[in-house]
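Me: Hey, I've just opened this one and could use a hand finding my way around. Can we go through it bit by bit?

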Amino acid sequence: MKPKYIIPVLCACICALQPEDSHAQAVKLRKDSTERYFNALDYTLQKRYIPQGKKVGNDMPGKNFSLSAGAGIQKLRGAGAGLPLYYNGSISLSKDFTPFNTYRVTLLGGFNDEFKQGGIEIDHLFNLSDYIGGYRSGAHMNLYTVLGIGGYASKRDGKDAKISGSLHAGLQATYHLSKNWDWFVEPKMYLYTDGIDGYTCNKRYDLAYGVVTGITYRFTDLPVKPKSEDAGDNLFIEAGIGTQADFVKNVRENLPGLQMLGPAASLSLGKWFMPLGIRGTIFGGFHYTFNPEQNKSEEVYAGGRIEAMVNLNTLFKPTLTDPKLEVNLSAGYELGALGHRSAMYSKKIRMFHSPTAAAQLVYFVNEQIGVFGEARYSRSQYTQPYKSGITQDRHMQNLGVMFGVQYRRRKADFDSRRGVFKPYNFVYASVGGNFPMRTTNIKGQSFFSLVGQQATIGYGRKYTPISGVRAYMEVGRYPYIGGGTYPFSIAADYMLDVTNLIGNYNENRIFTLNAFAGIVYTHHELLKNNYFGFEAGLQESFRISDEWSIFLEECARGYKGKITPSARVYTSKKLSGVLSGSVGVSYRF
């Protein structure tokens, strides 16, 4: 065969030997490439974009209802921008209708210095986190969108009530504390019709922004494991000392630098429900201020506060337990009294109240003992009457720093080494001194003209590791200007063992701290003769044997009316007080 025919013949043979399906595959690929295209609707409706939500149904216990209580602040913009912050409280009832959709009805009310307000809101909440990421059993956090309408009545003193409505929207971040309890934070923006501030103006709408935080109880359980397994887990007590001052403009201008600073101290008891907590604190101290006579003078204060706390470590990492270094934020409200001097004041002791907030760092040197530093801001408010008849509304800008020690009980350890508590009776006797509170003729007085004496005998019973009761009789002397009176008192108290509450019962413990509160009846031959009052205080007990203990006790009493002729009365209820301290011995049997 001639060479020019060889190559064409070989190519024909190779093509004949190839499988038929290879030709069909090539044809199929060409055909598919002409028919395949991108469908955006099909892509967005894939199942992974509509995940399965949590189970919701009317046959479930609780029928997916929830009850919430919240508190918050709101600030008007536009025509109402000059008004102070508006404080509100609310109660809400909500129901989950589908895995992603919840409807809520809220009753709310509040106030500021200019007006009072009440209203109702209806909201739709959409579970954004479950819709995007899918429902995860046992998850601690959810994010919702909020959209709703509202109707309100606002009233200023001496004016007719104004009716207004709103369209509002926002977000709600929810943290599941346990299978039934949630904590939420909800920032929102509002578009109001005119009248929300109690006035009618040419501008027919008002804008506002605000935030609400609170607690929700779910009647239908969620599969969430709480961080505390025992009621006593994560209880803590902390004591701190530091400094505080009022940095209001008038004081800053007249006391430059840090001349206004003074000492402060606090004692707190609280509990964590990680990442949330609650803390109660008693505090006191003094700082320097500038009085109307243009003089630098001391301003003494004391009070108590209650706060909600959030632990940022476990908030952002729920699986974390017992971090070595904690970052905590807190916010709450405080009440107290302050005393200052001026010949122009008609009343020198005034009651104050204030919102407060703090940031705290705690470093645990071992499992239960930590050291902390805390920065705090309080905006205290009070009224100051003058002898001229003028009453001035005052605001303080208090800034302070505290350093201290915290003892925290970790998970409860119920083992044989702690022993088994057995109820017991006890009797005790004590002696001490007292001071019927007064503010006049203090300087230059001898010790015995200011401080009285007292002796006490009592009987009690401790029923549980943390609870006990006692009753006692007391005789003594209450001093007053120009003499003294000899009262006889009978009292009954409930006693709370703070040490066992926080640290669990330990039969070998030497030191015990008790808090007590109760009622008291006092009789003496002056003035009204018979007085009924209340008392509260602390008792520090040191065990010296199985039966015997020695203790120190500090007590504050309040009576209706003047307990002595020179006693100072406080508040519109005309209450007088007696402070006392005692040392004694106790025998248990």
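Me: I clicked on Ile-490. What stands opposite Ile-490 in β24?
Reply: That's Tyr-521. Keep in mind that this is a predicted model.

Me: Which residues do strands β23 and β24 cover, and over how many bridges do they pair?
Reply: β23 takes in residues 488-497 and β24 residues 511-523. They pair in the antiparallel sense over 10 bridges.

Me: And how do β24 and β25 pair?
Reply: Antiparallel again, over 13 bridges, with β25 made of residues 530-543.

Me: What actually holds strands together in a sheet, in general?
Reply: Backbone hydrogen bonds do the pairing, either parallel or antiparallel.

Me: Okay, new topic. Which strands close into a barrel?
Reply: Eight of them, in the order β1-β2-β3-β4-β5-β6-β7-β8, with antiparallel pairing. From one strand to the next, the twist averages 25 degrees.

Me: Which salt-bridge network is Glu-186 part of?
Reply: One that links Glu-186 with Arg-104, Glu-121, Asp-123 and Lys-188. Within it, Arg-104 and Asp-123 form a salt bridge, their closest N and O atoms being 2.9 Å apart. Arg-104 is in β3 and Asp-123 in β4, 19 residues apart.

Me: Are those two buried or exposed?
Reply: Arg-104 has 8% relative accessibility, so it counts as buried. Asp-123 is at 1%, so that one counts as buried too.

Me: How many salt bridges does the structure hold?
Reply: There are 20. Among them is Glu-334 with Arg-305, at 2.9 Å from N to O. Glu-334 belongs to β13 and Arg-305 to β12, 29 residues apart, and both are buried.

Me: What about Arg-376, which residue does it bridge to?
Reply: Glu-374, with the closest N and O atoms 2.9 Å apart. Arg-376 is buried, at 8% relative accessible area, and Glu-374 is buried at 7%.

Me: Last one: how much space lies in the second largest pocket?
Reply: About 1600 Å³. It has 46 lining residues, and the closest to its centre are Ile-73, Ala-331, Gly-332, Tyr-333 and Pro-355.

Me: What kinds of residues make up that lining?
Reply: 27 are nonpolar, 14 polar and five charged.

Conventions: Residues numbered from 1 in each chain as written. Predicted model: local features only at pLDDT ≥ 70, side-chain atom pairs only at ≥ 80, totals over all residues. Heavy atoms only, no water. Pairing = 2+ DSSP bridges. Helix = DSSP H or I, 4+ residues; strand = E, 2+ residues; numbered from the N terminus. Axes fitted to C-alpha atoms, helices over the stretch in contact; angles between N-to-C directions. 1 Å grid on protein atoms, 1.4 Å probe; cavity = no way out; pocket = protein on both sides within 12 Å on 5 of 7 lines; lining within 4 Å. Points joined across faces, edges and corners; volume = space filled by probe spheres on them. Nonpolar A, V, L, I, M, F, W, Y, C, P; charged D, E, K, R; others polar. Salt bridge = Lys/Arg side-chain N within 4 Å of Asp/Glu carboxyl O. Buried < 20%, exposed > 50% of the residue type's maximum accessible area, 1.4 Å probe, protein only.
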